[in-house]
Amino acid sequence: MTIIRRSWGSTVPDTRQRFFISYAGPDGVWAEWVGWQLKQAGHQVELDRWDWRTGDDFVQKMSQALARADGVLALFSENYFAAGRWTQEEWSAVVATRGRLVPIVIEPLADDDVPDLLAGRLRAEMHGLDETAAVARLLEAVHGPVPPTGPVAFPGAAPADADTEADPQRPRLPDGATLPQVWNVRRRNPDFSGRETELARLRSGLLRGHQAVVQALHGMGGIGKTQIALEYAHRFASQYDVVWWVDAEQADRLPVSYAGLAEHLGIAKADAGTEANARALLQALLARHRWLLILDNAEQPDHIEPWLPDGPGHVLITSRDPDWRGIAHRSGLDVFTRADSLAYLQTRSPGITAEQADLLAQDLGDLPLALAQAAGVLSGGMSLDHYRRLLTTNTARLLRESDVRDYPVSLAATVDIAVTRLLDDGHRDATALLRLGAFLGPEPIPTAWLEASRPHLAGIPGDPDDPMWLRSALQPLSRFGLARTDVNVFQIHRLTQAVLRAQTGPDAVESIRDDVTAVLAAVSPGDPQSPADWPAWATLTAHLTAPHVITGVTGRSALRPTLSETVHFLIRRGLPGAAHSLGTTLYETWTADLGPDHPDTLTCAQFLGHASIDRGDHVAARPLVEDTYARRRRILGEDHLDTLSSAHDVATTLSYLGRYEEARRRGEDVLARRQRVLGEGHPETLRSAGNFAGYLRDAGEYAEARRRGTDVLARRRQILGEDHPDTLESASDLINTMLVAGEHTGLRPMAEDLLARRLRILGEEHPDTISASSSLAGALYALEEYEEALSMEKENVRRCRRVLGENHPNTLTAVGNLSQTLYRLGETAEARRMAEDSLARRKWLMGENHPDTLSSAHGLANILHSQGEEAEACRLQKEVLAKRRLILGGDHPLTLNSAALLTSILYARHEYLEAVEVLGDLRARRIRVLGRTHPETVEATRSLATLLAAMGKTHEAQKLTSRKPNKSKRRSGKKRR
């Protein structure tokens, strides 16, 4: 508690504090009342959600509020402790930090309703009290049992005795049992859930002024406008004396409803007539407080405006039409959040899993009415799988089935009614645009697409040169709730689209798809390899890949180049699964329609091969890549650019399959051809040059690999720029070469720079960004920063599994790296488990003899050796050494590493003769490859001397360690003359 000092030096406690009120959404009326009382007592109050703007980071705002609060006042209720509420995080944070928590119980709770963490805390019971007692109980809980002294006087019973009409903004003590004196609202929807942010925003908006506040809640049919209005009326009923619900769909019927309210208020005159009594009501509301008028389904703002009351009350309008400018404060209502959809479905259908609910919510576009209809059908016994199939094949039929009491008509009927009104009003151009939009994807449609393609749209009536045609067509769609319009885009809900497609005859479908093709073909999203153009490509791809779109346009020649480049974009964007799915559809269709030798088929085959490789399915990629190369070679010739692209792909695929020597040979050939045909500095030549440096690294020629990799990186920086993905790929390759070569100088800053650039350009979830993170972890490991490396590698494994899958080669590499770091830190049991799992998966995925499989086996053998399981370690490592000699060659650095490890294992097993044989061969090879003075050669010599000494061959050991270099073979470093 803070202390304020007076001039004469004495101190008194300052009772003014800052409270954060933590509550569940349905208890907002209690939060409002408690907050008011605390403010009257001189405290500062921050309400969970109400004091925060839409779009604020909720967790961040909550953390900031908790940090600056003197105490947290928590409103305990069944809603508060419901599963999955953020309030649990709030009070857990307070308890964990020993902050001041003031529990206020607003409804009866059983002991087991309160979590154990809070069960022992004293709680102030507020339910069942009158307002005088409730205020006293609240302030006693906040201030303690002794009334505080100081500048803030104890309010006593004053709030309860005050005239509630003297300050109509003052909240009343919530009373859920008593309805207002005048009330004609139908029963509450027991299945209502979610929408807490919208309700808080609505309440805050209605409380913003002392004069009549008019709020218009607008959105498409079936989005839940009426349900929110209904929930608001019931939730805040205690704050009003009059709540009157008006069906405002027909504006000319408003006087009848108003006259009915006038009668209930006792101000109607029997002989005055309907309109006169309605006008009398409007006059009477000027002098009344605490009234709420709900105008449901109001569709004609100009006709409604003359009947809007003034005075210190609230008007809530629900409407499809968003155009309430100058009449009401507008609030657009969107579909459910996915979290709200899941909560609703799992409440209505308790047997449904979270994964199943998520798929269904996605199918239904999170539209509340569609979710309600689905829950009703599923409760009737239909299986979820059957429902989802019908949703694809019989959408309109399924969406006509509705026994949802809280929605007057089904979703299909809602769409039918709106379209009929659109046609009745003579909006032929809007209707045509609506049907065209139904055959595009469910994502926002850029209006620029339509403007660019307008001359080619045969299905849109009117003058194609009219610059205002699009605005004229979109306004009615927005007014009837059939489309959402925003700056430069409009959007039709996926289920509205499905109903419209089902209503369209076969002949009309073909003409509409002609227009869809014209729209999509007119889009120029840019270079699929450039991250700067990826947002435009993502927008186009969202429409092209929608199932009903791709079905209609796959065979259209005008879109074939765009479709192939879409696959290319998905690959570059790091989405190989989506690329493979689209590429497979296109390849199968075009092979059947155009033949396997058609240029478009071969281009698609090339990209499908890339997608297969990026998915980690190297075995499946090889026949496709080789077939494409053979066909292009036969049709186009050896040196055609497309043939060279396929030849490059063949070399790359062989490298991934572990066939390093063959990959090197083919890579060298395609590099020479590209240098001759395209020139040294062409981006495709540099691509082959970069890959060839990688083939050299795979072959163990680290020095030459580094030299070439450095050259390619410099050229790409100069030609493509520092941040181009190909430049970053060269930087990644060079870092990896330095890692395997043991060159650590400058490695960490290089890896940090690469990761920073990829994070900024590609995003956190791109596979190349994960690869850069792995490279940085490798640099940390090489520098013996094991703890830091461990943290990164654990995250890399999680991200690889999430983005690429459990069995992707990159995931298995990440697991192997983590296992190695765990081993270095002494966590050998976990390291062994991961190494065994990685080895088993690699055997299954890549085969027994793949170099990566052998790397896993080598790592496991090392762990077994450290654990004293020498027999199994020896067996495994002998197998690794034999296979590496066969596959990589006896002089490959990895082969030599295997020989060194086997020597250590044999020494531990006292098998000295065999150890001497293996180590002697290792030393001879290192002398030949690296020279006598190389550190690894020196280490081998010392190890051999130690081994010989252990065998009692002291003289031979001494000869090894005392031998001097042969001067006749030393190089002077001078140039020849």
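## Strand pairing at β6 and β7

I104 stands opposite A124 in β7. The strand β6 (residues 101-105) pairs with β7 in the parallel sense, over two bridges; two strands count as paired if DSSP finds at least two bridges between them. Helices (H or I, at least four residues) and strands (E, at least two) are DSSP runs, numbered from the N terminus.

The model is predicted: local features need pLDDT of at least 70, side-chain atom pairs count only at pLDDT 80 or more, and totals for chains, interfaces and linings use all residues. Residues are numbered from 1 along each chain as its sequence is written, and side-chain values use heavy atoms, with hydrogens and water left out.

## The open sheet

Five strands make up an open sheet with parallel pairing, in the order β4-β3-β5-β6-β7. Its edges are β4 (44-47) and β7 (124-125); each has a single partner strand, so one side of each is left without a neighbour in the sheet. Strands of a sheet pair through backbone hydrogen bonds, either parallel or antiparallel.

Strand β3 (residues 18-22) contains S22. S22 is buried, at a relative accessible area of 0%; buried means under 20% relative accessible area, exposed over 50%, and partly exposed in between (1.4 Å probe, protein chains only). The side chain of S22 also makes a polar contact with the side chain of Y80, at 2.9 Å. A polar contact is a pair of N or O atoms within 3.5 Å; within protein, one must be able to donate a hydrogen and the other to accept it, and residues adjacent in sequence count only if both atoms are side-chain atoms.

## Strand β10 and its partners

Strand β10 (residues 242-247) is mostly covered, with five of its six residues buried. Strand β8 (residues 182-183) runs parallel to β10 and is joined to it by two bridges. β10 also pairs with strand β11 (residues 291-296), in the parallel sense and over six bridges.

V242 has a partner in each of these pairings: V182 is its bridge partner, and W291 in β11 stands opposite V242.

## Nonpolar cores

The largest nonpolar core has 159 residues, and L73, L75 and L433 have the most contacts inside it. Helix α14 (residues 368-379) gives the most to this core, with eight residues. A second, separate core of 40 residues includes C800, A873, A899 and L944. Such a core is a set of buried Ala, Val, Leu, Ile, Met, Phe, Trp, Tyr and Cys residues joined through side-chain atoms within 4.5 Å.

Leaving aside neighbours within four places in sequence, L75 is in contact (heavy atoms within 4.5 Å) with residues including S22, Y80 and I104. Others among them are I21, Y23, W30 and V34.

## Cysteines and Q606

C604 is buried at 1% relative accessibility, and C800 is buried at 5%. A search of the whole structure finds zero disulfides, a disulfide being a pair of cysteine sulfur atoms within 2.5 Å.

Q606 is placed in helix α27 (residues 599-614) and is buried, with a relative accessible area of 13%. Not counting residues up to four places away in sequence, Q606 touches T628, R632, S645 and D649.

## Overall figures

The protein has 44 helices and 16 strands. Of its 977 residues, 49% are buried. Among contacts between residues at least 6 apart in sequence, 66% join residues at least 24 apart. The protein exposes about 45,200 Å², of which carbon and sulfur atoms supply 49%; accessible areas come from the Shrake-Rupley method with a 1.4 Å probe, and for residues only the protein chains shown count as cover.
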